[in-house]
Amino acid sequence: MPYEQDMTLSINGRDYRIRLEPRKSLADAIREDCGLTGTHTGCEHGICGACTVLVNGEPVRSCLMFAVQAGGTDIETVEGLANGDDLHPLQQAFIEHHALQCGFCTPGFLMLVVGAMRQEPMLSEEALTDLISSNLCRCTGYRNIVKAVLQTARQGNAAAGTVRQT
Amino acid sequence: MDSSNQGYIGRSVTRLEDRPLVTGAGRFVADIDFSHQLHMRVVRSAHAHGIIRSIDLDAAKAMLGVRAIWTFTDIADIPPIPFRATTVQGLEPYRQPILADEFVRYVGEPVAAVFADNAFIAEDAAELVSVDIEERPPVLSAQHDPGEFAPGLGTEPTTIVKTYGDLDAAMAQAHGSIALTLEVGRHSGVPLETRGAVARYDAATDMLELHGAAKRPHWNRDQIAEMIQRAPSSIQLFEYHVGGGFGVRGEIYPEDILVCLAALRLRRPVKWVEDRREHLMATNHSREQTHLIRAGFDADGRILAIDNEFYHDQGAYVRTHGARVVDMTTSLLPGPYRIPAYRAVGHFRLTNKTPAATYRAPGRFETSFVRERVVDAVAAQLGIDPVEIRRRNLISKDEMPFARPMDALDTPVEFDSGDYAGLLDKALTAFDWNARRADIERRRSSGEAVGAGIAMFVEKSGLGPVDTVRVSVDTAGAVEIVTGSSSVGQGMETVIAQICAETLGVDYRNIRVIRGQTNRIEFGFGTHASRVTVMTGEATRVAAEKVKKKALGVAAEMLQISAAALELRDGCVIRQDSETAIPLGDIARNLGPTSRFSREREPGLSADGWHRTDHMTYPYGVHAAVVRVDRETGGVAVENYLVAYDVGRAVNPMLVEGQMLGGLAQGLGGALLEEFRYDEQGTPLSVTFADYMIPTAREMPKVEILITEDAPSPLNPLGLKGAGEGGVNPVGAVIAAAIDDALGMPGAITRLPATPQRLRALMSSAPDRRTARRLAGDGD
Amino acid sequence: MKSAPFQYHAPARLDDALAVLAETAGDDGRVIAGGQSLVPMMAFRLAMPGHLVDINRIEELAGVEIQGDTLSIRALARHACFHRPVIDHPFGRMLTCVAGNIAHYPVRMRGTFCGSLANADPASEWCLVAATFDAELELHSRSGVRTVPAREFALGAMTTALRPEEILTLVRLPIPPEQTQMGFYEFNRRAGDFALGMGLVSYRLEEGVAVDVRIGLGGIEETPRRLGEAEGVIAGQFLSETLIEAAAEAAAGGVDPIEDSQTTPAYRRDLARTVIKRAFDRAGRL
């Protein structure tokens, strides 16, 4: 295969030694070479956000990075959110609020929100809706996603001691 | 949630489907791999219309890792994909060949298929396939006179005409009439997951497997079997997780046949996943129709007659639905209104665009737009309030069941139940209609272009004629429902589990639903036409009742008492007024083949349930919206929206609301944003998510949802009607009405989507009449 | 939609990157920084570079710097750098306001200011900023450095004066005086879309008279630019609503709008007027 090279991807705290062409996207490498198929590709041109993962804690569109660019970074995917059987509060909130239907866009939304809330924990309702407009969903009409995210944000902020109103 | 069977039906329990999906453990077709699989990449026509002069495969075949490249001659023995759903005759010659033969008829049409060791090589090689096409002028409008599809075949394969009542007499008696030309833009389901299929031939068992099925696995299996000349029992279809259907996924497409043939002939598994650009030009389009409609009405605004001629842009070929969308358009246009005389002439026309078929509320998004525009136009002409005029035209609940002298989907149109006026009242209250109108007036006086619209509709659901499930309980008391229905992500597993749980007295979470696996149940009828809750739900109830009866009978025998003294609760057979409880698992064990309880009975605590129906069920709704138009940019903000929908009986209200919200988002897309556009050469312009614009969270209004159960269906014991299409149906109509109102220009919106550019053009050519009156000193 | 094959280079030093570019310029060697514009083009195979020079590891290209009244933005400064004002000053706040309009959050984590300039999309917000404030661009190659003013760098839609062997390493923006009022407005059909039109204005009032007037327009023509004709209407005059409308009118009259299959020049001309007016409405609120 032309230009194949060896590299290591560190995903959810585990190292994966893989061999691939530089042109392979991070999304495809995560899915195919590391066997983590929770991250989905909906467009491969960086608009739908289904492929969102965390790279060094920041939400990025993994279809817009080549895997070779991600060596030496810490990648987090949806498979790493739960703690064994204990779901992440956001995952739980998605279930409670019926924030998913087909589930294809769901991992992208989860990682987007988890990553963004870590960077900026005090997001207002308007800012969170803005954030959610980063990704496309075709099934839910978004309202329940917003509810699930708001509930989680308030709980998280409540735990941190303050809640910021719009 | 507690585990007692406190009536699951009507409860918004969380979904069984969710846990794997939120943890990334879902299995969508792109997640499926077999070792040594080949990847298929389709070479597609870059021209909208032409004759294939030659296809040069040399460079592509020379690429390392390319195993085969097929063109038409390699699969010439395979017939085109048959129709699934049409009674219209004479459409066969218009079916799409699996790979283009002599003609290409749309950009995106499959011309060749490359099979290679990995997806990179397949795509690289596909780029090297050179197709020489002698271009022909494309036909890009369904309103042009029909041209030539092929020698001897014109591009209007059929015209569907439906009529009832005395149209001429009605128009002659009319106090007045209106005539409108209305257009709905080409758009479609566009799920987040693109299509895909993985075929594998298991030589050890001589079984062909197709993984990644959807919508109607059993029917698809049978048609594939016939097309490739294998016994249906030698083919298995497997459905896993499906990333949205909306009607466009799960019909048989050429690519499905290609992977099956390749798996058989090349003796390696074959995987194909469509990319987004391909999807937008190769997966079924929908919706594009132009209606030339006349209506006659009396002095009170009662519509006496509708005479509609419309042109349906079918695209290049007739796919599995035949002329079904035109059929539904003709039969379902009258909606909830009496319309005593009616004629619809539907021209089913082929053009050089991506073929079209069904998309959520097919024929009804279109006809609701048309019908409600007509009603609004009559109201405007007579100066009657838009709500009042609807009241005057509505079929009353006393007239139920109401038969329209027409067929839709081969069943007579007969509204089973409905209180349209009652829902209208509830909707107006829920939306605070009068207060909102007053508020709108206030805002207008300070210069805002803000307005409200309303629309009413009748949906159809519960398409029969039949469905079946098998319910069984194992020795641990775990329940399994096997159904040939499939999932598109809507939560059908949870819904039928709820119905089963209520009947069997078990925790719904102790139920596993097996769906879409053709090797698990002999007959299946799929997921489409909002049928599953009604048909599969009722079949589930029937099967569960049989299991219940069997369990009670065995328990009665075990306890030597009458079954009448027993009930099912908490996963056990419970003797009333006593502590005695026999877990269902024990009953199942006692129904093992060698048990004495099985001597006079079929072994196993299981049963098949069937449900048959000759009629669909007809849910109905009212939508309303407040929009604000930015006069300077033409931008539209939908501020508030009401969905009011009578679903007969809501098994899981949260899921019904979810269907409304999702449908609404798609409807807003069709009303304001989404369109498949073409240039003059027939090259598609909407081939990325930058060009084909799907609504984001920011575009969603504040939504009020009112789900009522005032008109349960008399056609099934639970009174169920379907919910899949009630969110999208009238959205185009409502938004158009609201924009008209905001602009002060009744009837302005005659075409969807109502883009900023189109609104600005409208405003420039006909200034706001309210402003004009104000400037002229007339006051409001 | 997989990219065509390429050779990948990830140098740690600028010199090495420039050397590779010099050698591969003939084979369409391209720089990748954020990749948010380049990678989609590669996925569609509209761009098929034989070599990709990844500059993300070059530390000397990181960050922004303020020296006196100059803001220097280096090649790896991401859009997200501007999520919070890089300087506690209306200019910093204006950049934050503009940044929030660029695509979406995850794109802003990776995409870069300099990358936007090198990409030269007609609807690029940073291109509008660079044009409106007369930025200076530093272009490095193996043979040296040249400084090019923004208006000479942007040549047309997706076309710049950047040579194949060059990297845009730095953009310098003059920070205007603290009393400067700035306003930005963009119109798009959906959240995060490329704007159909955007306006950026900047001025100072000296006893009601507008001085140092800058009026920039983006998304309407092939490249964002300052509208001298509109500025001339306002400069040296008492600022008023009427004057602003006249300036907006002059703007609309003087533009050469791009056309696309959905949007007529007339629409864009009207939009030019609107976005300029609304940018003025928002001025002074930062």
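Colleague: Which side chain meets that of A:R143 in a salt bridge?

Modeller: This is a predicted model, in which local features need pLDDT of at least 70, side-chain atom pairs count only at pLDDT 80 or more, and totals for chains, interfaces and linings use all residues; side-chain values use heavy atoms, with hydrogens and water left out. Residues are numbered from 1 along each chain as its sequence is written, and chains are lettered from A and ligands numbered from 1 in the order in which they are written. A salt bridge needs a side-chain nitrogen of Lys or Arg within 4 Å of a carboxyl oxygen of Asp or Glu. At 3.5 Å, N to O, the partner of A:R143 is B:E657.

Colleague: How many residue pairs are in polar contact between chain B and chain A?

Modeller: A polar contact is a pair of N or O atoms within 3.5 Å; within protein, one must be able to donate a hydrogen and the other to accept it, and residues adjacent in sequence count only if both atoms are side-chain atoms. Salt bridges between chain B and chain A number six. With both residues at pLDDT 80 or more, the polar pairs between chain B and chain A number 18.

Colleague: Which element gives the most to the side of chain B that touches chain A?

Modeller: Elements are DSSP runs numbered from the N terminus, helices being H or I of at least four residues and strands E of at least two. In chain B, α1 (18–22), α3 (119–128), α16 (653–673) and β30 (702–708) each supply at least two residues of that side. With nine residues, the element that gives the most is α16(B).

Colleague: What part of the area buried between chain B and chain A do carbon and sulfur atoms give?

Modeller: Contact (heavy atoms within 4.5 Å) joins 54 residues of chain B to 50 residues of chain A. Buried area is the accessible area (1.4 Å probe) that two parts lose on being put together, summed over both. Of about 4,100 Å² between chain B and chain A, carbon and sulfur atoms give 61%.

Colleague: In chain C, what part of the area between domain 2 and domain 3 is on carbon and sulfur atoms?

Modeller: The bounds, from an automatic or database domain assignment, are 7–54 for domain 1, 59–174 for domain 2 and 181–282 for domain 3 of chain C. The C-alpha centres of domains 2 and 3 of chain C lie 21 Å apart, and 24 residues of domain 2 are in contact with 23 of domain 3. Of about 1,900 Å² buried between these two domains, the carbon and sulfur part is 71%.

Colleague: Which residue's side chain meets that of C:D134 in a salt bridge?

Modeller: Two salt bridges are found across the interface of domain 2 and domain 3 of chain C. In one with an N to O distance of 2.7 Å, the side chain of C:D134 meets that of C:R214.

Colleague: Is B:A644 buried or exposed, and what is its relative accessible area?

Modeller: B:A644 lies in strand β29 (residues 636–646) of chain B. Not counting residues up to four places away in sequence, B:A644 touches B:L423, B:A427, B:Y620, B:G621, B:V622, B:H623 and B:L706. The C-alpha atom of B:A644 is 5.9 Å from that of B:I707, 63 residues away along the chain. Buried means under 20% relative accessible area, exposed over 50% and partly exposed in between (1.4 Å probe, protein chains only); B:A644 is buried, at 0%.
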